[in-house]
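Please have the sequence and the 3D view ready.

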Amino acid sequence: MKIKIIGIGSYIPNKEVSNTDFDKHVFLNEDGTPFGYPNEVVIKKFKGITGIENRRYAETQHNASDLAFFAAEKAIENAGIDRETLDYIIFAHNFGDVKSGTHQTDILPSLATRVKNKLDIKNPKCVAYDILFGCPGWIEGVLQANAFIKSGMAKRVLVIGAETLSRVVDDHDRDSMIYSDGAGASILEGTEGESGLLSYESATFANDEANFLYFGKSYNPDLDPDIKYIKMYGRKIYEFALSQVPCAMKSCLDKSGIGIDEVKKILIHQANEKMDEAIIERFYKLYDKTAPKDIMPMSIHDLGNSSVATVPTLYDLILKGKIEGHEINKGDVIIFASVGAGMNVNAFVYRH
């Protein structure tokens with residue numbers, strides 16, 4: 001038996017923030033000193049490296065659990081199931097619900113419980129819980145659903161990835177331009193057919209890598225040092241991703257028994273365009289191959305990096321014909337992969 005994604009949905013906030021909206025920001029170095037060049041140059045360099053032109057922020061009245069609920073409703077509708085038949089709700093996020101204008105995270109009750117409440121699911125045997133696994137959280141949730149279903153503990157699982165990163169960024173850190181908000185949700189169940197999850201890899205590197213992403217004070221020394229924001233060592237993450245993600249993808253693909261030439265699409269976490277391109281290039285080099293054109297669909301240009309939401313949202317958009325030049329057909333082999341805080345790396349091979 002394999003597990004299959006029988007329903008998919010996403011929620012993309014309507015509030016669009018372009019690169020030019022950062023023109024008046026006061027960007028500072030880590031030591032609090034100003035940059036030696038204007039924001040116009042900062043933004044141009046940022047666009048060249050990340051590929052990001054626009055990103056989406058949640059409306060003031062919505063929290064991460066609201067975005068998740070919107071995506072979950074769409075996934076349930078897409079699957080055409082009775083929501084009362086869900087055995088688990090697994091919600092991957094990083095910072096909980098952060099109310100607009102505040103800095104405090106709220107995870108009591110769990111966000112998965114909040115989504116179950118909003119979905120008005122009455123069945124108490126539908127177990128709802130959260131996982132913290134960095135940007136690879138949605139993929140890890142899929143792997144947990146795989147274990148539950150194959151063990152007989154569940155027949156049908158809702159896996160969600162949602163985040164409002166715009167509410168935990170330091171406005172004085174140029175990396176703040178990377179992050180965005182969004183949600184993606186999927187319904188998984190067992191199948192005896194050819195479609196479904198074929199193999200997977202998952203790993204946590206927690207020596208020096210543990211602190212590549214962290215919560216730290218603002219680069220503005222005049223701000224309260226006890227208020228923390230998402231921070232990262234970008235160069236170290238870049239080097240880590242290039243060394244570890246292609247190897248995890250290769251191990252995963254080799255375990256599946258599928259040849260590299262059979263892979264139709266690679267849906268990778270939308271973190272940084274140049275980094276993702278380098279990962280794919282290095283992955284194909286492991287097989288002495290050149291990456292095919294259009295193997296890697298991208299949504300980061302207009303949606304930014306919404307962490308756990310990027311991969312399920314990308315999958316949903318492709319299936320609904322909203323990523324120009326890309327489609328997924330029955331029988332196509334796809335690799336899903338991600339990297340993020342932990343440092344965590346995971347992947348799975350899937351036949352649509």
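Begin with the largest cavity: 16 residues line it, and nearest its centre are Ile-12, Asp-181, Leu-303, Ser-306 and Thr-313. On a 1 Å grid over the protein atoms alone, a cavity is a set of points where a 1.4 Å probe fits but cannot get out, a pocket is an open set with protein on both sides within 12 Å along at least five of seven lines, and lining residues have an atom within 4 Å of a point.

The model is predicted, so local features need pLDDT of at least 70 and side-chain atom pairs pLDDT 80 or more, while totals for chains, interfaces and linings use all residues. Residues are numbered from 1 along each chain as its sequence is written, and side-chain values use heavy atoms, without hydrogens and water.

The structure holds 1 cavity of 30 Å³ or more. At least two lining residues of the largest cavity come from each of β9 (181–191) and α8 (310–319).

| Space | Volume | Lining by class |
|---|---|---|
| Largest cavity | about 80 Å³ | 7 nonpolar, 7 polar and 2 charged residues |
| Largest pocket | about 1100 Å³ | 27 nonpolar, 12 polar and 8 charged residues |

How values were computed. Grid points are joined across faces, edges and corners, and a volume is the space filled by probe spheres set on the points. Helices (H or I, at least four residues) and strands (E, at least two) are DSSP runs, numbered from the N terminus. Ala, Val, Leu, Ile, Met, Phe, Trp, Tyr, Cys and Pro count as nonpolar, Asp, Glu, Lys and Arg as charged, and the others, Gly among them, as polar.
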